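Please read them with the model open alongside.

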Amino acid sequence: MLSLEDLVRLGKALSNPLRVKILLMLAKNPTYIQDVAQKLRIPYALAHMHLKVLEEAGLVEGYYEVEERPRPHLRKVYRVKDFKIVIDKELLERLAESQK
């Protein structure tokens, strides 16, 4: 069940068109931060910030891969998590009741 904080976090994550574009991109293919930045023509730090917001909202997840070339190092790959968002009257009533 969604809490009020979860709902706000989801709303924040989906309120930015760039984050929605990132979600759409990751739905097609898991990818690295650098690839997100290059494809959207934004700075790496900005791509990282948006991915962090999406990850904190539970919409994407990251995992590490070892790259052997040009030298061994870890790279974080992001992918869309399996999720379903339903905001209906019942949820809103339950959240309103919990605020009393």
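**Notes on the model**

1. His-50 is placed in helix α4, where helices (H or I, at least four residues) and strands (E, at least two) are DSSP runs numbered from the N terminus. With a relative accessible area of 3%, His-50 is buried; buried means under 20% relative accessible area, exposed over 50%, and partly exposed in between (1.4 Å probe, protein chains only). Not counting residues up to four places away in sequence, His-50 touches Asn-16, Leu-18, Arg-19 and Ile-22, contact meaning heavy atoms within 4.5 Å.

2. A word on the source. This is a predicted model, in which local features need pLDDT of at least 70 and side-chain atom pairs count only at pLDDT 80 or more, while totals for chains, interfaces and linings use all residues. Residues are numbered from 1 along each chain as its sequence is written, and side-chain values use heavy atoms, with hydrogens and water left out.

3. The largest nonpolar core has 19 residues, and Leu-26, Val-36, Leu-51, Leu-54 and Leu-59 touch the most other members. The elements giving two or more residues to this core are α1 (4-14), α2 (17-28), α3 (33-40) and α4 (44-56). Helix α2 supplies the largest share, five residues. A nonpolar core here is a set of buried Ala, Val, Leu, Ile, Met, Phe, Trp, Tyr and Cys residues joined through side-chain atoms within 4.5 Å.

4. Leu-54, one of those core residues, is found in helix α4. Is Leu-54 buried or exposed? Leu-54 counts as buried because its relative accessibility is 0%. Leaving aside neighbours within four places in sequence, Leu-54 is in contact with Ala-13, Arg-19, Ile-22, Leu-23, Leu-59 and Val-60. The C-alpha atoms of Leu-54 and Leu-14 are separated by 8.2 Å, although these residues are 40 residues apart along the chain.

5. Pro-17 lies in helix α2. Its relative accessible area is 58%, so Pro-17 is exposed. The C-alpha atoms of Pro-17 and Val-36 are separated by 14 Å, with the two residues 19 residues apart along the chain.

6. Arg-75 has its place in strand β3 (residues 73-80). Its relative accessibility is 19%, and Arg-75 therefore counts as buried. The side chain of Arg-75 makes a polar contact with the side chain of Glu-67 (3.5 Å). A polar contact is a pair of N or O atoms within 3.5 Å; within protein, one must be able to donate a hydrogen and the other to accept it, and residues adjacent in sequence count only if both atoms are side-chain atoms. Apart from residues up to four places away in sequence, Arg-75 touches Tyr-32, Gln-34, Tyr-63, Tyr-64, Glu-65 and Glu-67.

7. How many salt bridges are there? The count comes to five, a salt bridge being a side-chain nitrogen of Lys or Arg within 4 Å of a carboxyl oxygen of Asp or Glu. One of them joins the side chains of Arg-9 and Asp-6 (3.0 Å, N to O). Arg-9 and Asp-6 are separated by about one helical turn because they are three residues apart in helix α1. Arg-9 is partly exposed at 35% relative accessibility, as is Asp-6 at 26%.

8. Glu-55 forms a salt bridge with Lys-76, and the closest N and O atoms are 3.5 Å apart. Glu-55 lies in helix α4 and Lys-76 in strand β3, so this pair ties together parts that are 21 residues apart in sequence. Glu-55 is partly exposed, with a relative accessible area of 27%; Lys-76 is partly exposed, with 21%.

9. Another salt bridge links the side chains of Glu-93 and Lys-89 (3.7 Å, N to O). Glu-93 and Lys-89 both lie in helix α5, four residues apart, about one turn of the helix. Glu-93 is partly exposed, with a relative accessible area of 44%, whereas Lys-89 is exposed, with 62%.

10. Leu-14, Val-20, Leu-24, Phe-83, Ile-85, Ile-87 and Leu-92 make a nonpolar surface patch of about 570 Å². Patches are made of residues with over 30% relative accessible area and no salt bridge: like charges are joined within 9 Å, nonpolar side chains (Val, Leu, Ile, Met, Phe, Trp, Tyr) within 5 Å. Accessible areas come from the Shrake-Rupley method with a 1.4 Å probe, and for residues only the protein chains shown count as cover. Leu-92 is found in helix α5 (residues 89-98) and counts as partly exposed at 46% relative accessibility.
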